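My notes follow in the order I worked.

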Amino acid sequence: MPQVIFLPHAELCPDGAVLEAPSGTTVLDLALKNGIEIEHACEKSCACTTCHIVVREGFESLDESDELEDDMLDKAWGLEPDSRLGCQAIIKDEDLVVEIPRYTVNQVSEGH
């Protein structure tokens, strides 16, 4: 079973985390299931950028993003070449290292 390493984030995951990930799970679902409260204002429907993540290692193991995700990512704060939406990044068979950006485009947290 692949592992997803979440790098430390001051508010959401101060110590970082190493999580076992069933293949076919999204990065966002894995995080939420393990108490890492990544924003997801559109309820995982690929209609916002609040679950923006940067895949520092293992990016090439993910399926390519589709046009809708790319359009959403264009609006993300701090976009990088290895950026994805956590709700669309489906874990396969390889380990990932994920960074949660410090800021989102939301001015107020949704508080899920």
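For side chains I needed a rule first: a polar contact is a pair of N or O atoms within 3.5 Å, and within protein one must be able to donate a hydrogen and the other to accept it. I also kept in mind that this is a predicted model.

**Entry 1: S83**

I started with S83, which is found in strand β4, residues 83-85. Is S83 buried or exposed? I found it buried, with a relative accessible area of 4%. Next I looked for polar partners of its side chain. The side chain of S83 makes a polar contact with the side chain of H52, at 2.8 Å. The side chain of S83 also reaches the backbone nitrogen of E80, at 2.8 Å. I then listed the contacts of S83, leaving aside neighbours within four places in sequence. On that basis S83 is in contact with H52, I53, V54, F59, L73 and G78.

**Entry 2: overall layout**

I stepped back to the whole chain. I counted 2 helices and 5 strands in the protein chain. Read along the sequence, the pattern is β-β-α-β-α-β-β. The radius of gyration is 13 Å, close to the 13 Å that the globule rule gives for 112 residues, so the chain is as compact as a globular protein of that length. The C-alpha atoms fill a box of roughly 35 × 30 × 20 Å along the principal axes. Buried residues make up 43% of the 112 residues. I also checked the sequence separation of contacts. Among contacts with a separation of 6 or more, 65% are between residues 24 or more positions apart.

**Entry 3: strand pairing**

β1 and β2 pair in the antiparallel sense, over 4 bridges. Here V4 has L19 of β2 as its bridge partner. β1 is also joined to β5 by 3 bridges, and these two run parallel.

I moved on to β3. Which way do β3 and β4 run relative to each other? They run antiparallel, joined by 3 bridges. H52 has L85 of β4 as its bridge partner. In β5, V97 is the bridge partner of E57.

I looked at the two faces of β1 as well. V4 and F6 form its covered face. Q3 and I5 form its uncovered face.

Not counting residues up to four places away in sequence, I38 touches F6, L12, L28, A31, L32, T50, C51, I53 and I100.

**Entry 4: E69**

I checked a glutamate next. E69 lies in helix α2. E69 is buried, with a relative accessible area of 2%. Neighbours within four places in sequence aside, E69 is in contact with C46, R84, L85 and Q88.

**Entry 5: cysteines**

How many disulfides are there? I count 0 disulfides. The cut-off I used is 2.5 Å between cysteine sulfur atoms. C13 is buried, at 6% relative accessibility. The sulfur of C42 is 3.6 Å from the closest cysteine sulfur, in C48, and this is also too far for a bond. C42 is buried as well, with a relative accessible area of 18%.

Definitions and conventions:
Residues are numbered from 1 along each chain as its sequence is written. This is a predicted model: local features need pLDDT of at least 70, side-chain atom pairs count only at pLDDT 80 or more; totals for chains, interfaces and linings use all residues. Side-chain values use heavy atoms; hydrogens and water are left out. Contact means heavy atoms within 4.5 Å. Buried means under 20% relative accessible area, exposed over 50%, partly exposed in between (1.4 Å probe, protein chains only). Two strands pair if DSSP finds at least two bridges between them. The radius of gyration is taken over C-alpha atoms; the globule rule is 2.2 Å times the number of residues to the power 0.38.
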